[in-house]
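Visitor: I would like to go through this model label by label. Please set each value against its cut-off.

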Amino acid sequence: MDFYWVGLIFWGCIIVSLFLFLFSVMTRNSFWMMVSGVSLLLPALYFLGSPSLWWIAFAPLIPFNLSFYMKKLTAKSD
């Protein structure tokens with residue numbers, strides 16, 4: 001049985017993205033939300049090639065939009 005680096009990187013990016021998403025929601029930090037979206041880009045681009053799962057490619061837009069929304073709220077409160 002071979003060790004597949006692509007799968008390790010793929011699932012590693014997804015796990016890191018989910019962890020950073022939850023962490024940034026709890027701390028209300030827009031920077032980590034943006035990093036969560038960036039780490040989700042690679043798996044999303046992978047699913048873009050699938051004919052039935054092309055809509056998953058829009059998943060990084062959720063953290064990106066929430067990041068800008070959080071930044072806007074913190075700028076308004078200062």
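**Burial and aromatic pairs**

Guide: Of the 78 residues in the protein chain, 27% are buried. This is a predicted model: local features need pLDDT of at least 70, side-chain atom pairs count only at pLDDT 80 or more, and totals for chains, interfaces and linings use all residues. Residues are numbered from 1 along each chain as its sequence is written, and side-chain values use heavy atoms, with hydrogens and water left out.

Visitor: Why is Phe 10 called buried?

Guide: Buried means under 20% relative accessible area, exposed over 50%, partly exposed in between (1.4 Å probe, protein chains only). Phe 10 has 14%, so it is buried.

Visitor: Why is Trp 11 called exposed?

Guide: Its relative accessible area is 52%, so Trp 11 counts as exposed. Tyr 46, at 57%, is exposed too.

Visitor: What makes the rings of Phe 10 and Tyr 46 a pair, and of which kind?

Guide: Rings of Phe, Tyr and Trp (its six-membered ring) pair if their centres lie within 6.5 Å; planes under 30 degrees apart count as stacked, over 60 as edge-to-face and the rest as tilted. Here the centres are 5.3 Å apart and the planes at 65°, so the pair is edge-to-face. Phe 10 lies in helix H1 (residues 5-27) and Tyr 46 in helix H3 (residues 41-48), 36 residues apart. Helices (H or I, at least four residues) are DSSP runs, numbered from the N terminus.

Visitor: How many aromatic pairs are there by this rule?

Guide: The count is 6. In one of them, Phe 10 and Trp 11 have ring centres 5.4 Å apart and planes at 85°, so that pair is edge-to-face. Phe 10, Trp 11, Tyr 46 and Phe 47 form one aromatic cluster.

Key: Helices (H or I, at least four residues) and strands (E, at least two) are DSSP runs, numbered from the N terminus.
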